[in-house]
Amino acid sequence: MGVIYALLWVLCLVRASFGAEGLIVVPGLGRKDRLDTVVSNIKYLEPLVRAGRWDCVIYTYAAREFVASINKSNYFWSYNQELDYLRSLCTIVENEGKRVTEHLHMVQPALIRSAYKYVFVLLDDCKIESASSFHLDDMVAIMETNKLTAASPRIINANKGGGQGFRTIMQADPPQGAQLGSPGYIVSFIEIFGVVMTMDGYTALWELLSPKVNPYGW
């Protein structure tokens, strides 16, 4: 734990000197199909990262030990090309067997507040379809204009497992009377798929995280 916190702290000290705008956090990755999604997302975000405007940290939960009974195609760490690409842009933190909330809880506001204005939490099963459908600069501009502390792009085709019909809230049509062409609308609930937050917004979320009591962050 101490090593992981130390890595994040060093990253923040460096970025505080150069003035990075925000931190992209992928709080859990450990499956091949999700790896493809994350690689695709980072490719869309790559210009912002290479320009030094945003940093990126990816937390992984996959085990390093290879068990002979497991099909090699399912062994996460065998996909060197994809992982090397992510390492070229992001800090990868290995934390075997941990959940999303446990990883987010490690991204302490006290450690990053002086380095970043925004935090973008992007789950490994949420895919950016195109630069025209989502762009961080546009999202930040909308937030600043409307003085928002948290905002999420509209999510379509979210997985709806058994007993999770509430997820349709993320696929709902704009409310009746919403202005045509509006860049967004206010809702009472945001499920964490991809959320951009100011440091105040992220701090409010972080203070609600209690991995031992609420492991899924609901």
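Colleague: Where do D36 and K32 lie, and how many residues apart are they?

Modeller: An α-helix has 3.6 residues a turn, so residues three or four places apart point the same way. In this predicted model, D36 and K32 both belong to helix α2 and sit 4 residues apart, about one turn of the helix. Their side chains meet in a salt bridge, at 2.9 Å from N to O.

Colleague: What is the relative accessible area of D36, and what is that of K32?

Modeller: D36 is partly exposed, with a relative accessible area of 35%. K32 is also partly exposed, at 23%.

Colleague: Which side chain meets that of E46 in a salt bridge?

Modeller: The side chain of R50 does so, at 2.6 Å from N to O. E46 and R50 are 4 residues apart in helix α2, so about one helical turn separates them. R50 is exposed, with a relative accessible area of 53%, whereas E46 is among the buried residues of α2.

Colleague: Where is the kink in helix α2?

Modeller: The kink, of about 50°, lies at Y44, shortly before the proline P47, in the helix that spans residues 32–50. Just after α2, G52 takes a positive phi of about 80°.

Colleague: Against which elements do the buried residues of α2 pack?

Modeller: They pack against β1 (22–29), β2 (54–60), α3 (80–89), β4 (118–122) and α6. The helix lies across β1, β2 and β4, and runs at about 175° to β1.

Colleague: Which residues touch the most other members of the largest nonpolar core?

Modeller: Of its 38 residues, those are I42, I58, L86, F120 and L136. Two or more residues each are given to this core by β1, α2, β2, α3, β4 and α6. The largest share, 7 residues, comes from α2. A second, separate core has 22 residues, including L23, V25, L111 and M197. Beyond its neighbours within four places in sequence, F120 is in contact with residues including L45, W54 and L136.

Colleague: In what order do the strands of the sheet lie?

Modeller: Strands of a sheet pair through backbone hydrogen bonds, either parallel or antiparallel. Here 6 strands form an open sheet in the order β3-β2-β1-β4-β6-β5, with mixed pairing. β3 (91–94) and β5 are the edge strands, each pairing on one side only. β4 and β6 (residues 194–198) run antiparallel and are joined by 5 bridges; L122 stands opposite G194 in β6. Helix α6 lies across β1, β2, β4, β5 and β6, at about 50° to β6.

Colleague: Is K147 buried or exposed?

Modeller: K147 counts as exposed, at 73% relative accessibility. This residue is found in the loop between α6 (136–146) and β5 (150–151).

Methods:
Residues numbered from 1 in each chain as written. Predicted model: local features only at pLDDT ≥ 70, side-chain atom pairs only at ≥ 80, totals over all residues. Heavy atoms only, no water. Buried < 20%, exposed > 50% of the residue type's maximum accessible area, 1.4 Å probe, protein only. Bend = angle between axes of the 7 residues up to and from the residue. Contact = heavy atoms within 4.5 Å. Core = buried A, V, L, I, M, F, W, Y, C linked by side-chain atoms within 4.5 Å. Pairing = 2+ DSSP bridges. Axes fitted to C-alpha atoms, helices over the stretch in contact; angles between N-to-C directions. Salt bridge = Lys/Arg side-chain N within 4 Å of Asp/Glu carboxyl O.
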